[in-house]
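Please view the sequence and the model together while reading the points below.

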Amino acid sequence: MQHAFGMTRVVHHQQHRDLAFVHHRQRPRRQHVGRHGDGVFRGDLTGAALSVAPDWTGNLGVVYEMPVGNSMKLGFNADARYSDEYLASGFGNPLSLQDRYVTLDVGVRFGADDDNWTLAVIGKNLTNQFYVTGVVDGPQTGSGTGTATGVRADQVGFGSLPRTVMVEVTKRF
């Protein structure tokens with residue numbers, strides 16, 4: 001008598017995506033800039049755009065895993081992110097305008113079926129886009145805040161990481 005044993009191969013595939021339109025403006029309010037509590041009006045942000053609030057953002061990603069041999073698996077993932085332009089300053093400073101950008105992250109993983117160990121190569125921001133996630137006024141710069149002759153302060157920003165490629169080894173105990 002002959003017996004045939006089959007092995008079921010499971011291929012795992014996922015997609016994730018999202019698209020958002022956000023249009024926010026500051027609520028009418030007076031914004032005191034400088035020494036708080038002195039009662040001196042130094043600025044009004046009514047109608048100004050919120051900081052780091054692009055009108056459009058979008059994400060698209062895919063994950064794919066497949067068996068390799070009897071007890072291994074191979075996986076791939078890719079994630080793209082789009083951001084429309086935005087002001088990085090909480091005070092609506094036009095010098096803080098961040099242009100629109102797209103980033104791409106990619107990964108390749110190989111390891112045990114039961115996730116006991118994994119070896120991965122991961123690439124982040126492969127488009128090598130530089131973007132600013134926030135800014136503040138530079139100390140000792142600008143003058144005449146809230147006056148007709150005011151000079152805007154220099155902007156000091158917090159930037160993104162450049163293209164990064166790493167190797168990750170995982171062992172579960």
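**Tyr101 and its surroundings**

Beyond its neighbours within four places in sequence, Tyr101 is in contact (heavy atoms within 4.5 Å) with Arg81, Tyr82, Ser83, Tyr86, Gln129 and Tyr131. The model is predicted, so local features need pLDDT of at least 70 and side-chain atom pairs count only at pLDDT 80 or more, while totals for chains, interfaces and linings use all residues. Residues are numbered from 1 along each chain as its sequence is written, and side-chain values use heavy atoms, with hydrogens and water left out.

**Aromatic pairs**

- A search of the whole structure gives 2 aromatic pairs, where rings of Phe, Tyr and Trp (its six-membered ring) pair if their centres lie within 6.5 Å, and planes under 30 degrees apart count as stacked, over 60 as edge-to-face and the rest as tilted.
- The pair of Tyr101 and Tyr131 is stacked, because the ring centres are 4.2 Å apart and the planes stand at 10°.
- Tyr101 belongs to strand 6 (residues 101-112) and Tyr131 to the loop between strand 7 (117-124) and strand 8, so the pair ties together parts that are 30 residues apart in sequence; strands (E, at least two residues) are DSSP runs, numbered from the N terminus.
- Tyr101 and Tyr131 are both buried, a term for under 20% relative accessible area, with exposed meaning over 50% and partly exposed in between (1.4 Å probe, protein chains only).
- Phe110 and Trp117 form an edge-to-face pair, with 5.9 Å from centre to centre and 65° between the planes.
- Phe110 is partly exposed at a relative accessible area of 31%, and Trp117 is partly exposed at 31%.

**The nonpolar core and Val132**

- The largest nonpolar core has 6 residues, namely Tyr86, Ala88, Tyr101, Tyr131, Val132 and Val135; such a core is a set of buried Ala, Val, Leu, Ile, Met, Phe, Trp, Tyr and Cys residues joined through side-chain atoms within 4.5 Å.
- Val132 lies in strand 8 (residues 132-137) and counts as buried because its relative accessibility is 15%.
- Apart from its neighbours within four places in sequence, Val132 is in contact with Tyr86, Ala88, Gln98, Gly157, Phe158 and Gly159.

**Strand 10**

- Thr170 is part of strand 10 (residues 164-171) and, at 18% relative accessibility, counts as buried.
- Setting aside neighbours within four places in sequence, Thr170 is in contact with Asn116, Trp117 and Thr118.

Key
Helix = DSSP H or I, 4+ residues; strand = E, 2+ residues; numbered from the N terminus.
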